[in-house]
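This report covers the sheets of one model and the helices packed with them. The sequence and structure come first.

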Amino acid sequence: MAQGLRFVLFGSPGAGKGTQANLLRDRLNVTHISSGDLFRHHLEQGTPLGLRAKEYMNKGELVPDEVTIGIILDKVMCLPDDEGFILDGFPRNTNQAQELENTLAAGSRNLDKVVHIDVSEPELLRRLGGRFVCRACQAPHAIGEGEDGAAKKCGQCGGELYQRDDDRPEAVKKRIEVYKRETMPVLGFYRERGVLVNIPGDDTVDEVNKQVLAALGA
Ligand SMILES: [Zn+2]
């Protein structure tokens, strides 16, 4: 079997990495490694790494890099050699990028591409600010500008919609700031290695998907 593509989907919160990853996973037949999903899995299963992460979260502290790195790299190393993967939500800083590179290199592997979905700040603010979740079934809903999300009902179950603290305007601005300060430098790391491609991300999901596939040569 041919070697599957190994790549990172990179971008700010709200850039649509998860949506694109789901489309690409089915199309390219690769494993989707979502840092958020993996974290939830470890927390729910109470694995040793999950328990360590929980200790910090309970204290309201950031989960240290080594725990995050352990959770993701464990998964990467479990994959068969020829299996492709999409990393989504990792690496988030240059230390994590370096650890990923070391681990892959130890198994004579490397990343084929790092695809940066580049969404403008006004568009990010619009998307993140319009994110509401159903209280009953947790289904996400996109609320347009000038609409009152809290006055709407869930399209799936009729439940009440609310905005998570994380998605309120002040929190959204803070998440974008953290991304710029800590995560953007990772782009330089990958640019130096010649694997970075930039995709304009303000467009529709389908249009961005076409461009990502073209960038991957798929
Ligand atoms: Zn619902």
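Which residue is the bridge partner of Val8 in β4? The partner is Val114.

## Model and numbering

This is a predicted model, in which local features need pLDDT of at least 70, side-chain atom pairs count only at pLDDT 80 or more, and totals for chains, interfaces and linings use all residues. Residue numbers start from 1 along each chain as its sequence is written.

Helices (H or I, at least four residues) and strands (E, at least two) are DSSP runs, numbered from the N terminus. Two strands pair if DSSP finds at least two bridges between them.

## Parallel sheet

Five strands form an open sheet with parallel pairing, in the order β2-β3-β1-β4-β8. β2 (31-34) and β8 are the edge strands, and each pairs on one side only. From one strand to the next the twist averages 20°. Angles run from 0 to 180 degrees between N-to-C directions, and axes are lines fitted to C-alpha atoms, for helices over the stretch in contact.

Strand β1 (residues 6-10) is joined to β4 by four bridges, and Phe7 stands opposite Lys113 in β4. Five bridges pair β4 with strand β8 (residues 196-200), also in the parallel sense; here His116 has Asn198 as its bridge partner.

Strand β4 (residues 113-118) is largely enclosed by the rest of the structure, because five of its six residues are buried. A residue is buried if 20 or more other C-beta atoms, placed from the backbone, lie within 10 Å of its own, exposed if 12 or fewer, and partly exposed in between.

## Helices

Helix α1 (residues 17-28) lies across β1, β2, β3 (85-88) and β4, and runs at about 175° to β3.

Helix α3 (residues 48-58) and helix α4 (residues 65-78) have axes that come within 10 Å and cross at roughly 150°. That makes α3 roughly antiparallel to α4, a term for angles over 145 degrees. The contact involves Leu49, Arg52 and Ala53 of α3, and Val67, Gly70 and Ile71 of α4; contact means C-beta atoms, placed from the backbone, within 7 Å.

## Antiparallel sheet

Three strands form an open sheet in the order β6-β5-β7, with antiparallel pairing. β6 (140-142) and β7 (161-162) are at the edges with a single partner strand each, so one side of each is left without a neighbour in the sheet.

Two bridges pair strand β5 (residues 131-134) with β7 in the antiparallel sense. Val133 has Tyr162 in β7 as its bridge partner.

Key
Parallel < 35°, antiparallel > 145°, perpendicular 65-115°, else oblique. Contact = placed C-beta atoms within 7 Å.
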